[in-house]
Amino acid sequence: MINLYNVTKVYTNGAKALNDISLTIQKGEFVFLVGPSGAGKTTLIKVIFREEIPTRGQVLFNGKNISRFKGREIPYLRRKIGMVFQDFRLLPQKSVYENVAFALEVTGASGKIIRSRVPEVLNQVGLADKSRMFPSQLSGGEQQRVCIARAIVNKPALLIADEPTGNLDPDTSWELMNLLSEINKNDTTIIMATHAREIVDSMKRRVIAMSDGRVSRDEESGVYSSEL
Amino acid sequence: MAGSAATRKAGYTAVSFNTLFYYWREAVNSIFRNSWLSIASVGTVAVSLLILGFFTLAAVNVREFTQGIESGLEIRVYLKDGAARENVNKMQAQIAGVPGVSLVDFVSREQALEEMKENFGGRGDILEGLDKDNPLPDSFRVRAENADNIPDLAGQLMALNGVEQVIYGHGLVEKLVSVTRWARLTGAIILCFLCLAAIFLISTTIRMSVFARRKEIGIMVLLGATNWFVRFPYLLEGMMLGLVGAALAGTVVYAGYMSLTSHITQSLPFIHPVTDRQVLLQVMGGMLGIGLLIGALGSSFSIRKYLKT
């Protein structure tokens, strides 16, 4: 589903964020992206999301070279990718329902689709009874679930989560991981960048470890750090 | 991947009713959210267009007035003595055929004398003796389509066979033409500056409302909104502000001009301002159009930098 071939990204200030990365992620996989801050995790995500264009190398999404996409094709790529952030990025003046509906509105979906689809995903993330509330009235874990509902309401093929548990306590983090596992069972590919060692170690999923812009380790059923 | 196929299809469908409603709601909300700025920009558009409107009407009147003078300008073509009457018809056709000539009248020497007598009024008897030995030549009275061409045309007519002399308001014509040209040029420059000022003010207003919602715009882009989807509510907002300003200005200009002209025609009956409804409606329509354009331009300038992908 995602193929990177010799991807290098050098920012205009000279920083080399990605250094000759090649990797393949299959449809339906659940991948942890680990590594210290500044290792290039975020840049890797941005390259897949077409927020950044690689300096060298190619990124293929479903077989299409997205580095060659024209500006007007990018939105349609992004509708196939759901994004979840550490800081949630919800709109404070919109209710839970409106925040999720917004993701459908911007794609020009009809009112009928919105009215049926939004309650469906709010139910899926367990927030059906809080749809009229505003983000400020919710706990961190609830806000993150709204963010996930917004990310999956378009039925994306890929869900990318950038440190989704970074602002959450351990119990809430586990609830969130269960939710992501459920979503993954429905054939949604998930890439999750994280620093949460216990979660990675106990989930036994594929782990791609990065350091200094390179893939230092890539193993199935991996752990957060290689055993010494 | 059934899900992505469905979303892709939804993405390419024509603009839904829901989307149109979204645009409208966003634009109206934004106008009321930044109500003071909205009022300020409507005000500036109104003031700019107000000046522009009165200026245009003044220009229309000046043009009408100068055209009135210009169309009164004529070229007199005096013929050599003894031109045969049958030649006269030929010459009249010849002159009428010269490009730029709008009207040719033949004035016979007898007619010319009659006119001269009339000009002398009651003292026509002074010219009494001339009836027998009329010294006046036959002539043509020529009108030009365009006053600019008169000096040129005079030269061409002079070159015709059988022409003794060509006379026109030498100097006066040139002066008049240059004055009206100058007035038109300065008018156009002032209009341009006023439009630029209005565009600048609208773009400031829209920039504030874009800035207040930059987070929202960022999220929209992440969620896969097309640039047009992001841009359109702001475009609509700008156009609404421009239109409201233009409508205000139009109303004031119309009412003001109407009362002004009625005063003028009462107190200064020899001046005839343009009160043609057709012309007034054209000016009002132009103002509304410029208001819309100013709004659209202003907002597209300010949204552009937030949509760099």
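**Working through the A–B interface**

Chain A and chain B bury about 2,600 Å² between them, with 62% of it on carbon and sulfur atoms; buried area is the accessible area (1.4 Å probe) that two parts lose on being put together, summed over both. This is a predicted model, where local features need pLDDT of at least 70, side-chain atom pairs count only at pLDDT 80 or more, and totals for chains, interfaces and linings use all residues. Residues are numbered from 1 along each chain as written, chains are lettered from A in the order written, and side-chain values use heavy atoms, without hydrogens and water.

**Exercise 1.** Find how many residues each chain brings to the contact.

*Solution.* Start with the cut-off: contact means heavy atoms within 4.5 Å. Then count: chain A gives 30 residues and chain B gives 26 residues.

**Exercise 2.** Find the salt bridge across the interface, then see which elements of chain A touch chain B.

*Solution.* Look for a side-chain nitrogen of Lys or Arg within 4 Å of a carboxyl oxygen of Asp or Glu. The rule finds one salt bridge between chain A and chain B. The partners are A:Glu105 and B:Arg25, with the closest N and O atoms 3.5 Å apart. Next, take the helices (DSSP runs of H or I, at least four residues, numbered from the N terminus). On chain A, helix 2 (74-78), helix 3 (96-105) and helix 4 (111-124) each give two or more residues to the side that touches chain B. Helix 2 of chain A supplies the largest share of that side, four residues.
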